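The following note collects points for discussion on the model shown below. Please read them alongside the sequence and coordinates.

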Amino acid sequence: MRIDVVTIFPDFFSVLDVSLLGRARQSGLVDARVHDLRAFTHDRHRTVDDTPYGGGAGMVMKPEPWGEAFDAVLGTDASAQTPATVVFPSPAGERFTQAIAHELAEAPHLVFACGRYEGIDSRVAEHVATRATVRELSLGDYVLNGGEVAVVAMLEAITRLVPGMVGNPESIVEESHADGLLEYPIYTKPATWRGLDVPDVLRSGDHGKVAAWRREQAIERTRRVRPDLLEG
Ligand SMILES: CN1CCCC[C@@H]1Cn1ccc2ccc(-c3n[nH]c(N)c3C#N)cc21
């Protein structure tokens, strides 16, 4: 899987060199590249923003640098069988979910466009949609100062689903949201800790009872914390 990230804060993504994603990069499972948007400017001040047409507070990211950045990262896709998927993080986007993470984990080429200021000139996504699949995605219902934090979270959620990324693939099957439910409670030794005991069923050795208890706990936790996940 090839991943390109375009941002005015490339250092934000030094995280790509540690933990799971770092190992994936080193193993060659993921070819992740970070691009500084200012590398696609040509003025002395390396300008990436300007005032909004129609007035209003703040600044808007200029289309020209983004156009050149996409020319660079999508250029080689012209002959690709599957067009790249370009993700624009945005508070106005479709909510990013585990299901979308699975979808994007199948994409051969992902590009993440990290906006800042008030956002990116709207013509950029319109133009990119003529040469790639565009997804405008939101990390959650709160406002961040830019797309970088969202992309780091999305990258972790997506790349951990790439075959070979996680040591024990079984652990992905049972985790929260994998089956539409929240995760059941988990325990390890000691059996009693500060007067609190591990549920007896988990120490019974009866795998059928353990599986039934875990399902029941997952449903109860989901009903209590995220009843919306049980609708429809
Ligand atoms: C604050 N400022 C004026 C109001 C509009 C947003 C803007 C800041 N900003 C610029 C680019 C950009 C991209 C994503 C997000 C974002 N916020 N919340 C999410 N769940 C996000 C995602 N994913 C925020 C961004």
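1. Of the 232 residues in the chain, 38% are buried. The model is a predicted one, and the C-alpha trace spans about 70 × 40 × 35 Å along its principal axes.

2. The secondary structure of the chain comprises 7 helices and 9 strands. Taking contacts between residues at least 6 apart in sequence, 74% link residues that are at least 24 apart.

3. Five strands form an open sheet: 5 strands in the order 2-1-6-5-7, paired in parallel. Its edges are strand 2 (31–36) and strand 7 (133–138), each of which pairs on one side only. On average, neighbouring strands of this sheet are turned by 25° against each other, with direction ignored.

4. Within the sheet, strand 5 (residues 85–95) and strand 6 (residues 109–113) run parallel and are joined by 3 bridges. Val86 stands opposite Val111 of strand 6.

5. Is Glu148 buried or exposed? Glu148 belongs to helix 5 (residues 148–159). Its relative accessibility is 0%, and Glu148 therefore counts as buried, the cut-off being under 20%.

6. Helix 7 (residues 207–225) contains 19 residues. From its first C-alpha to its last, helix 7 reaches 26 Å, close to the 27 Å expected at 1.5 Å a residue. At the start of helix 7, a side-chain oxygen of Asp206 comes to within 3.0 Å of the backbone nitrogen of Gly208.

7. Which residues of helix 7 are buried? They are Val210, Trp213, Gln217, Ala218 and Thr222. These residues lie on the same side of helix 7 because they cover an arc of only 160° around the axis. An α-helix has 3.6 residues a turn, so residues three or four places apart point the same way. On the other side of helix 7, the exposed residues are Gly208, Lys209, Glu216 and Arg223.

Notes. Residues are numbered from 1 along each chain as its sequence is written. This is a predicted model: local features need pLDDT of at least 70, side-chain atom pairs count only at pLDDT 80 or more; totals for chains, interfaces and linings use all residues. Side-chain values use heavy atoms; hydrogens and water are left out. Two strands pair if DSSP finds at least two bridges between them. Helices (H or I, at least four residues) and strands (E, at least two) are DSSP runs, numbered from the N terminus. Axes are lines fitted to C-alpha atoms, for helices over the stretch in contact, and angles run from 0 to 180 degrees between N-to-C directions. The expected span of a helix is 1.5 Å times one less than its number of residues. Buried means under 20% relative accessible area, exposed over 50%, partly exposed in between (1.4 Å probe, protein chains only). The arc is that of the directions from the helix axis to the C-beta atoms. A polar contact is a pair of N or O atoms within 3.5 Å; within protein, one must be able to donate a hydrogen and the other to accept it, and residues adjacent in sequence count only if both atoms are side-chain atoms. Contact means heavy atoms within 4.5 Å.
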